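I opened the notebook to go through one structure in order: record, confidence, pockets, salt bridges. Here are my entries.

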Amino acid sequence: MDTSGFLGSLNKLLEWISRLAFLNLLWISFSLLGLIIFGFFPATVAMFAVARKWMLGNEEMSIFKTFWTAYKREFLKSNVLGVIIVAIGLILYIDFQFVQHAANSFASFLYVPFFIITLIFISMLFYIIPIFVHYDMKLSQVMKNSFFVMIMNPLSTFYMLIGSFGILFVLSYAPPICLLYSGNLLALFIMKPATNAFDKINQKSQLLFQEQ
């Protein structure tokens, strides 16, 4: 088969279209396998594990084997992470309801700090799972380092926020496409700048180590 020119580029494009579709189907299927409640976070972690391999240049790996291995290995730990994330989200939601329905005027002053805290939490979410799959860390370290990486990479964080919103906005106009292209697009879009951020931090750490 011609691997150069137009036909080669078309073949490469079709390969990636099928890979992405297969990954998204795995993500949905294994989320359902865990009855969504227990399957969503392991499936999401497994999807990011595959995306990480692609970002590191390993394009010829077995998608199913990589996904299934990560799903099994991180099933319990990723669900604990999911409980932490959902718990924080619920606390923020309860706080929002309190601020919104509070009768006194003082509560209106809480909107700004609430918005800042919520924005920080959402921004941290872009790094939590990438850190989870990229490093072997305790969950407390994952949460802590996601905050520091977010703070150290404001442009990447802003890029993730705007880009993810754009992807979700476009997909909202074509719901059937979400079956094949939704979580996978977000995983790739988030994993790339996250990996770049990790590389920059590692390079800075090496430079500091050499200077000492």
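I started with the UniProt record, an unreviewed entry, which places the feature "transmembrane region" at residues 20–51, 80–99, 111–135, 147–167 and 173–191. I then checked two of these spans in the model, which is a predicted one. Residues 80–99 came out as 100% helix and 0% strand. The end C-alpha atoms of that span are 29 Å apart. Residues 20–51 gave another picture: 81% helix, 0% strand, and end C-alpha atoms 10 Å apart.

**Confidence**

I looked up pLDDT next. The mean for the protein is 90. Of its residues, 92% reach 70 or more. Which elements mark the two ends of the scale, lowest and highest? Helix α8, residues 183–211, has the lowest mean pLDDT, at 83. Helix α3, residues 63–73, has the highest, at 97.

**Largest pocket**

I asked for the volume of the largest pocket and got about 510 Å³. Its lining takes in 20 residues. Nearest the centre I found F40, T44, I129, L186 and I190. Which elements give two or more residues to this lining? I listed α2 (40–55), α4 (75–101), α5 (111–134), α7 (154–171) and α8. Helix α8 is also the element with the lowest mean pLDDT. By class, the lining of the largest pocket has 16 nonpolar residues, 4 polar and no charged.

**Second largest pocket**

I moved on to the second largest pocket, with a volume of about 250 Å³. It is lined by 15 residues, and A49, A70, R73, E74 and V133 are the closest to its centre. Helices α2, α3 and α5 each supply at least two residues of the lining. How does this lining divide by class? I noted 7 nonpolar, 2 polar and 6 charged residues.

R73 and E74 came up again when I turned to side-chain pairs. They form a salt bridge, with the closest N and O atoms 3.2 Å apart. I looked up accessibility for both. E74 counts as buried at 15% relative accessibility. R73 counts as exposed at 55%.

**Salt bridges**

The count of salt bridges is 4. I took K12 and E59 next; their side chains meet at 3.2 Å, N to O. Why does this pair tie together parts that are apart in sequence? K12 lies in helix α1 (residues 5–33) and E59 in the loop between α2 and α3, so the bridge joins parts 47 residues apart. Both partners are partly exposed: K12 has 36% relative accessibility, and E59 has 28%.

E60 came next. It forms a salt bridge with R19, the closest N and O atoms being 3.4 Å apart. This pair also links distant parts of the chain: E60 sits in the loop between α2 and α3, and R19 in helix α1, 41 residues away. Are the two partners buried or exposed? E60 is exposed, with a relative accessible area of 65%. R19 counts as buried, at 11%.

My last entry is a network. E15, R19 and E60 are linked by salt bridges.

Key:
Residues are numbered from 1 along each chain as its sequence is written. This is a predicted model: local features need pLDDT of at least 70, side-chain atom pairs count only at pLDDT 80 or more; totals for chains, interfaces and linings use all residues. Side-chain values use heavy atoms; hydrogens and water are left out. UniProt positions are given in the numbering used here, feature names are shortened, and annotations may be inferred rather than shown by experiment. Helices (H or I, at least four residues) and strands (E, at least two) are DSSP runs, numbered from the N terminus. pLDDT is the predictor's confidence in each residue, from 0 to 100. On a 1 Å grid over the protein atoms alone, a cavity is a set of points where a 1.4 Å probe fits but cannot get out, and a pocket is an open set with protein on both sides within 12 Å along at least five of seven lines; lining residues have an atom within 4 Å of a point. Grid points are joined across faces, edges and corners, and a volume is the space filled by probe spheres set on the points. Ala, Val, Leu, Ile, Met, Phe, Trp, Tyr, Cys and Pro count as nonpolar, Asp, Glu, Lys and Arg as charged, and the others, Gly among them, as polar. Buried means under 20% relative accessible area, exposed over 50%, partly exposed in between (1.4 Å probe, protein chains only).
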